[in-house]
Amino acid sequence: MGIFDNFNFSKLKEGLTKTRTKIVNTINEAVTGKAVIDDKTLDEIEEILITSDIGYDTAVQIIENVRGRMKSEKDRTDLNVIETVKKELTGILDIESNFNSEQEIKTHKPYIILVVGINGVGKTTTIGKLAHNYKKAGLKVIVGAADTFRAAANEQLEIWSKRAGVEIIQKGHGADPSSVAFETVQHAIKHQYDVVLIDTAGRLHNKGHLMEELNKIKRVLSKNLPYAPNETLLVLDGNTGQNAILQAEEFSKVTDITGLVVTKLDGTAKGGVVFQIVNKQKVPIKYIGVGEGIEDLQTFDSKLFVSAIFE
Amino acid sequence: MFEELSLKLEKALKKVSGQGKLTEKNISDTVREIRRILLDADVNYKVAKDFIDKVQEKALGTEVIASISPGQLITKIIYDELTELLGGDRKEIKLNASGLTTILVVGLQGSGKTTFCGKLAKRLKESKLKVMLAAADVYRPAAVEQLKTLGAQIEVPVYSIDVPDAKRTAKEALAEANAAGCNVLIVDTAGRLHVDEEMMNEAAAIRDIINPDESLFVVDSMTGQDAVNSAKAFNEKINYDGIVLTKLDGDARGGAALSIRAVVGKPIKFISSGEKLSALEPFYPDRLASRILGKGDIISFVEKAQESFDENEAAKLEEKFKKNKFDFEDFLKQIKMIKKMGSLSSLLGMIPGIGNQIKNADIDDKALVKVEAIINSMTQEERQKPKILNGSRRMRIARGSGSSIQEVNRLIKQFGDMQSLMKKMNQRGFANNFLNKIK
Ligand SMILES: Nc1nc2c(ncn2[C@@H]2O[C@H](COP(=O)(O)OP(=O)(O)OP(=O)(O)O)[C@@H](O)[C@H]2O)c(=O)[nH]1
Ligand SMILES: Nc1nc2c(ncn2[C@@H]2O[C@H](COP(=O)(O)OP(=O)(O)OP(=O)(O)O)[C@@H](O)[C@H]2O)c(=O)[nH]1
Ligand SMILES: [Mg+2]
Ligand SMILES: [Mg+2]
């Protein structure tokens, strides 16, 4: 179906390279043309990895793995060391998945996508962007405003739904979020919508009652439609450090996360914490957010993501 | 019986013999572990390195006093420095005694600016000030609505205009606040990336318009390594007065705060810890330091050391050693100090990298209890003048402490030996001999 074919991949690079950190520049200079892996190079790689939020243990592990790989390599130039690190990193992100959303959309109508995450990461914005893309792909789309808590959450989603040209179901402030989800799905079934996107309130993963509320939304969805939700997307802020690991862990406990969205990668943050998350949770990164505009959502590409770390 | 005691006193005595100093070697395991702890807490790579290097440099050569190992001492020094750095030049926000005080709020997208504006307005209103909010975020969908909703909740007026012009909003809000005789005007701005030149210029322009008495940079406490870059860039452009750390009701360790303190040196002024408008807290540097170092063993150790690590006490004891006035009373004090820190073996075991070595040392905490019991059964006079301890007194002490007469005799003898040694020996010799004797 090629929903996201028209995405502009170069924009990720453009965004990510807008400001190159001095550190990284220094590395690239230091790295080219040297013949052997010396401690200094390895230290520099460690610094690149850690400053991208990969985490200390993972960085050490990756360097160890690379060392192992390099043993049997004749080419030990730093350039090749970097290539090997990149391969190692890409390998972590390219996980096997037998879930093909384009295939699933064809066989499930309405196709339900639940969007979750902690406060302010970019859930509502991502929903606006997704709605736009599905709409552009010729699908009939509706969004459900199940964040009934935050000030002006309804108004915000309403503006996005208008921008994307899609329908919205909303209730008053303080309404039961699962009832909004329920009604949206009912409406979608009745009026033959293809795609349903449910926005939820930001909730910190360490707040039991809010996580329970999310679990209830999920239960209500599947009571309504046994296969729902088809996708549960966990949105992570690309600026977030090691705490994102806990977020992924806790959200996975109450919902079945099918994919990750990493936002705000148009800044200088690299979002390296996702390596640990993908590795532990075995869920793929589906999209990345590279701006506040409606076009600023891209399908994830592991190679581009990894090379951005080294730029 | 006295093996563990010797170990415990070793540190205090090494001081006398001039051996117990912090060296790169005797703290290297601890330093490595602390670096890792800081990185796991999201402290920036460079900041963590510089911070530890600096503290280490400052601490090298510091004498290890009281009953603390070099690793423990450096941990404590790092904790103290961390608290100091986080809390240094802490200031409240400046409110003008008369006339209008203007406050500018800036930061990255979704960091919690708008919510913070509501919280601060509520706080100031509660202290009987006339407050106005200005909605100068004209980009984010429903940003103005959001601020208006919050304003309505706390009955604070929100100034906004129908055209998407942030600078004009700020300008008009300023005039309006002055005309209405407000005490405080808080200006909310759009989230922006530090690399977005146009938006950064807009923020600077808004600042120039309202000429804020207080400008605040709002940071999400979950921010990772990149915090240094955004904090620096905002500081270069806005030269803000302070930092607001948000979402501390989460479980992030908040190392970004250290990174930012280290690179821009601006004080942390508020803590935002919830979505409700009442969730605004003053900032406690020691709590944040504990949080960054982790709630685990390191921290409970630091807290314990904090309680028992009394430098004055240690200095007094040392003085007594030198003047040969060390009596059973002092001996007891020393033991109590060690005991406050919990069992010696478990205490040492808490320090990463030290635990394993200590396991082999096989320390029996019970023997200490015995020594303490014996001394406790002495009268004050006996403790100060051990010479008067005759046979019947010793009997009484043995019974009172549940020990055998031999145990009492041994302790008194060893103590006597120690005292006479003190007289004769030079300091190094004294320490070694004492340690040999007491075994
Ligand atoms: N630069 C940039 N900003 C983004 C991106 N995605 C979202 N934002 C901004 O981040 C802020 C928060 O986005 P929202 O979509 O409201 O986030 P949310 O997760 O719905 O927030 P809550 O519902 O309050 O929990 C807004 O200012 C967005 O414009 C992105 O990819 N890049
Ligand atoms: N749990 C928690 N949530 C918070 C806190 N402060 C703000 N939030 C939430 O974080 C999200 C973003 O807060 P906003 O105040 O909209 O952030 P902002 O910086 O104004 O966002 P933009 O204007 O889009 O850049 C909302 O869901 C808030 O309710 C806090 O201290 N704790
Ligand atoms: Mg939202
Ligand atoms: Mg805002």
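**Exercises: a sheet, a helix pair and a shared site**

Chain A holds an open sheet of 8 strands, in the order β3-β2-β4-β1-β5-β6-β7-β8, with mixed pairing. Strands pair if DSSP finds at least two bridges between them; strands (E, at least two residues) and helices (H or I, at least four) are DSSP runs, numbered from the N terminus.

This is a predicted model: local features need pLDDT of at least 70, side-chain atom pairs count only at pLDDT 80 or more, and totals for chains, interfaces and linings use all residues. Residues are numbered from 1 along each chain as its sequence is written, while chains are lettered from A and ligands numbered from 1 in the order in which they are written.

**Exercise 1.** Find which strands of chain A stand at the edges of the sheet.

*Solution.* Take β3 (167-169) and β8 (297-299) of chain A. Each has a single partner strand, so one side of each is left without a neighbour in the sheet.

**Exercise 2.** Describe how α5(B) and α6(B) cross.

*Solution.* Step 1: the axes of α5 (residues 113-126) and α6 (residues 143-154) of chain B come within 10 Å and cross at roughly 25°. Axes are lines fitted to C-alpha atoms over the stretch in contact, and angles run from 0 to 180 degrees between N-to-C directions. Step 2: α5(B) and α6(B) are therefore roughly parallel (angles under 35 degrees).

**Exercise 3.** Work out which chains surround ligand 2.

*Solution.* Step 1: among the 26 residues around ligand 2, A:Asn119, A:Gly120, B:Thr114, B:Thr115 and B:Gly191 come nearest (C-beta atom, placed from the backbone, within 6 Å). Step 2: residues from chains A and B surround ligand 2, so the site is shared between chains. Step 3: α5(B) gives the largest share of the shell, 3 residues.

Terms used: Parallel < 35°, antiparallel > 145°, perpendicular 65-115°, else oblique.
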